[in-house]
Amino acid sequence: MSARAVVTAGTGGIGLETAKGLAERGYAVTVVGRNAERGARAVEEVASVATAAAPRFVAADLASLQEVRALAAQLATEGPLRVLVNNVGAMFEWRRQSVDGVEASFAVNHLSPYLLTELLLEQLRAGAPGRIVNVTSGAVGLAKRTFDSVEPPGGYYGFHWYGRAKLAHLIYTLDLAERLRGSQVAVFAADPGGAATAMTSGTMTSPKIVSPPLRLLWPLVRRKFERSTAAPASVAARSSVFAATDASLDGRTGILIGPETVPVPLPRGAEDPRALENVLRLSRRLAPV
Ligand SMILES: NC(=O)c1ccc[n+]([C@@H]2O[C@H](COP(=O)([O-])OP(=O)(O)OC[C@H]3O[C@@H](n4cnc5c(N)ncnc54)[C@H](OP(=O)(O)O)[C@@H]3O)[C@@H](O)[C@H]2O)c1
């Protein structure tokens with residue numbers, strides 16, 4: 001029987017290409033997304049490259065912690081899991097709250113994959129040797145590194161708040177790798193670099209997403225964004241597929257895989273013990289397992 005893999009936000013963009021990469025390598029892939037029509041199209045596309053088991057779609061809005069819990073409960077009844085790719089991510093031009101009343105960047109980019117992972121640990125241990133891959137972003141480099149509360153001090157700038165939520169998740173990822181060391185479940189972060197997807201084309205055209213000093217340089221910043229998100233999603237998915245499957249990573253854990261599919265140094269703040277303590281405190285309070 002084929003080993004099971006789950007890819008969240010796997011019905012479009014980088015997630016769909018990741019799902020195809022795993023299906024090509026023989027995994028029975030479940031793609032998670034909100035929209036059933038896009039889900040059906042994704043299943044067809046993944047099936048066209050699958051070498052072993054048929055893929056399938058499960059619907060869940062991962063911006064809702066209740067839906068994350070329901071998804072985990074469903075996946076948990078289906079037995080051992082070899083690979084979990086937490087690919088879901090979102091950037092918001094305007095400040096908004098999730099249905100749970102939590103700032104949306106933090107909710108979607110950190111709390112949701114945090115909760116899903118914690119709720120599936122038993123299935124991942126049962127499927128070992130296996131891997132958890134958490135998709136990160138170069139945006140962590142421009143993030144405020146304080147996590148005393150969900151919302152950082154200062155104004156709302158979508159790109160920076162997105163990066164900060166991704167940093168929270170990277171901090172959690174590295175801690176989880178240590179917790180699971182010796183369990184045969186490895187934990188990696190994967191940086192896709194950039195790609196032209198619904199997320200980037202929908203949000204990266206407005207100067208509102210960056211802080212006032214960067215707004216002054218908007219033509220330059222915008223050109224940098226355009227250049228760095230010009231790649232196809234299939235190229236951006238390579239880091240996740242590599243992190244999830246490559247034999248060169250056997251026996252390793254707690255590593256960041258860069259866009260060129262090689263381990264890269266961790267960004268500043270990723271191993272800060274105070275930030276970790278605060279991220280864990282917020283996560284446990286807002287998304288109790
Ligand atoms: N694109 C880039 O340049 C870039 C750079 C660095 C990091 N990343 C990271 O890479 C990952 C994938 O990015 P992407 O650009 O491919 O994103 P995307 O274009 O927004 O991804 C589309 C996929 O996300 C799903 N999705 C969005 N919100 C969802 C939600 N609340 N619940 C469930 N599914 C949801 C969509 O499902 P529906 O079709 O059902 O809505 C679709 O399958 C993210 O973690 C992102 O932060 C991207």
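How much accessible surface does the protein have, and what share of it belongs to carbon and sulfur atoms? Some notes from going through the model, which is a predicted one.

1. Surface first. The accessible surface comes to about 12500 Å², and 53% of that belongs to carbon and sulfur atoms. As for what is covered, 53% of the 289 residues count as buried.

2. Overall dimensions. The C-alpha trace spans about 55 × 35 × 35 Å along its principal axes.

3. Secondary structure and contacts. I see twelve helices and eight strands here. If you take the contacts with a separation of 6 or more, 74% of them are between residues 24 or more positions apart.

4. Charges. There are 32 positive side chains and 25 negative ones. The centres of the two sets lie 4 Å apart.

5. Helix H6. This one runs over residues 158–179. Is H6 mostly covered or mostly uncovered? Mostly covered: 20 of its 22 residues are buried. Its length checks out too, because 22 residues at 1.5 Å a residue should span 32 Å and the end C-alpha atoms are 31 Å apart.

6. Ala19. You'll find Ala19 in helix H1, residues 13–24. Its relative accessible area is 0%, so Ala19 is buried. Leaving aside residues up to four places away in sequence, Ala19 touches Val7, Gly10, Val29, Val31 and Val46. I also looked at Ala19 against Ala168: they are 149 residues apart in sequence, and their C-alpha atoms are 25 Å apart in space.

7. Gln123. This residue sits in helix H5, which covers residues 121–126. Does Gln123 count as buried or exposed? Buried, because its relative accessibility is 12% and the cut-off for buried is under 20%. What does Gln123 touch, not counting residues up to four places away in sequence? The list is Ala76, Gly79, Pro80 and Leu81.

8. Two residues side by side. Both of the residues picked out above are in helices, Ala19 in H1 and Gln123 in H5. Both count as buried, Ala19 with a relative accessible area of 0% and Gln123 at 12%. Among the partners of Ala19 are Val29 and Val31, while those of Gln123 include Gly79 and Pro80.

Definitions and conventions:
Residues are numbered from 1 along each chain as its sequence is written. This is a predicted model: local features need pLDDT of at least 70, side-chain atom pairs count only at pLDDT 80 or more; totals for chains, interfaces and linings use all residues. Side-chain values use heavy atoms; hydrogens and water are left out. Helices (H or I, at least four residues) and strands (E, at least two) are DSSP runs, numbered from the N terminus. Buried means under 20% relative accessible area, exposed over 50%, partly exposed in between (1.4 Å probe, protein chains only). Contact means heavy atoms within 4.5 Å. Accessible areas come from the Shrake-Rupley method with a 1.4 Å probe; for residues, only the protein chains shown count as cover. Lys and Arg count as positive and Asp and Glu as negative; His and the chain ends are not counted. The place of a charge is taken as NZ of Lys, CZ of Arg, CG of Asp or CD of Glu. The expected span of a helix is 1.5 Å times one less than its number of residues.
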